[in-house]
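Below is a colleague's note, written as numbered points. Please read it with the structure open beside you.

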Amino acid sequence: MPVFKGVISKETAAGKPTYVDITEDVAEIVSRSAIEEGVVTVISCHTTCAVFSEEFDHDLTPDGDTFLQADLSDGLGRVFPEQRDWSTYRYPGSRHFEAVESWPDPESWLPGLDRKMLWNGDAHLRSTLIGGSQTFEVSEGRLEMNGLASIYLVDFDRTRPRTRRVKVCVLGE
């Protein structure tokens, strides 16, 4: 069975979850694949990011999020509040900090070697709940989406801006 792979890279912001509509990027990879009938799986490469499908929402908050995205963030914030101190979550523990600090170029993980940069237990839990991948139909050589549905990458880690990657795997005939 033919397989075609692609990668999408997106910049995310600090301070709040970043939602990125990747529907057109996925559709373009499906088109390049030349696969007429099959499936496409969209996979986050990061443990604090999730991939999901949701209706495109035309209304925006002052922060630029759609109302559905803001509602999702609010709901997840009630389930997993933002990590703001050492006692919010067990994660990260001292052994994890020591491991990160021993990696090559620890500054890339802990800017200024500030251990607060790993206060992202909420982001890990939120992405676990939403899920790191989604599968969609490929029909007649196109990404098959239902009506207003869009594909989103969300980076729940608000500690610093980053470049995030999504792998796209198209399988079929």
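**Notes on the predicted model**

1. Overall make-up. The chain holds four helices and eight strands. Read from the N terminus, these elements follow the order β-β-α-β-β-α-α-α-β-β-β-β. Please keep in mind throughout that this is a predicted model.

2. Dimensions and surface. Along the principal axes, the C-alpha atoms of the chain fill a box of roughly 50 × 40 × 20 Å. The accessible surface of the chain is about 9300 Å², and carbon and sulfur atoms account for 53% of that surface. Of the 173 residues in the chain, 42% are buried.

3. Contacts along the sequence. Take the contacts in the chain whose partners have a separation of 6 or more: 79% of these contacts are between residues 24 or more positions apart.

4. Charge. How many positive and negative side chains does the chain have? There are 18 positive and 29 negative ones, and the centres of the two sets are 9 Å apart.

5. A negative patch. Four glutamates, Glu 36, Glu 37, Glu 137 and Glu 144, form a patch of negative charge on the surface. One of them, Glu 36, sits in the loop that runs between helix H1 (23-33) and strand S3 (38-44).

6. The whole structure contains 10 salt bridges. One of these pairs Lys 16 with Asp 65, with 2.9 Å between the closest N and O atoms. Lys 16 belongs to the loop between strand S1 (3-12) and strand S2 (18-21), and Asp 65 to the loop between strand S4 (49-55) and helix H2 (67-79), so this pair ties together parts that are 49 residues apart in sequence. As for cover, Lys 16 is partly exposed, at 24% relative accessible area, whereas Asp 65 is buried, at 10% relative accessibility.

7. Salt bridges, a network. Which residues are linked in a network of salt bridges? They are Glu 82, Arg 84, Asp 122 and Arg 158. Within this group, Arg 84 and Glu 82 meet through their side chains at 2.2 Å, N to O. Arg 84 is exposed, with 59% relative accessibility, while Glu 82 is partly exposed, with 24% relative accessible area. Asp 122 and Arg 158 form another salt bridge of the group, with their closest N and O atoms 3.7 Å apart. Asp 122 is in helix H4 (residues 121-130) and Arg 158 is in the loop between strand S7 (149-155) and strand S8 (162-172), so the two tie together parts that are 36 residues apart in sequence. Are these two residues buried or exposed? Both Asp 122 and Arg 158 are buried.

8. Backbone details. The peptide bond leading from Tyr 91 to Pro 92 is cis, and its omega is near -10°. Pro 92 is placed in the loop between H2 and helix H3 (94-102). Ala 34 is not a glycine, yet its phi is positive, near 65°. This alanine, Ala 34, is in the loop between H1 and S3, and it is exposed, at 60% relative accessibility. Glu 140, also not a glycine, has a positive phi of about 55°. The loop that holds Glu 140 runs between strand S5 (133-139) and strand S6 (142-144). Glu 140 counts as exposed because its relative accessibility is 55%, and exposed means over 50%.

9. Ser 31 is part of helix H1. Its relative accessible area is 52%, so Ser 31 counts as exposed. How far apart are the C-alpha atoms of Ser 31 and Glu 140? They are separated by 9.8 Å, although the two residues are 109 residues apart along the chain.

Conventions. Residues are numbered from 1 along each chain as its sequence is written. This is a predicted model: local features need pLDDT of at least 70, side-chain atom pairs count only at pLDDT 80 or more; totals for chains, interfaces and linings use all residues. Side-chain values use heavy atoms; hydrogens and water are left out. Patches are made of residues with over 30% relative accessible area and no salt bridge: like charges are joined within 9 Å, nonpolar side chains (Val, Leu, Ile, Met, Phe, Trp, Tyr) within 5 Å. Accessible areas come from the Shrake-Rupley method with a 1.4 Å probe; for residues, only the protein chains shown count as cover. Lys and Arg count as positive and Asp and Glu as negative; His and the chain ends are not counted. The place of a charge is taken as NZ of Lys, CZ of Arg, CG of Asp or CD of Glu. Buried means under 20% relative accessible area, exposed over 50%, partly exposed in between (1.4 Å probe, protein chains only). Contact means heavy atoms within 4.5 Å.
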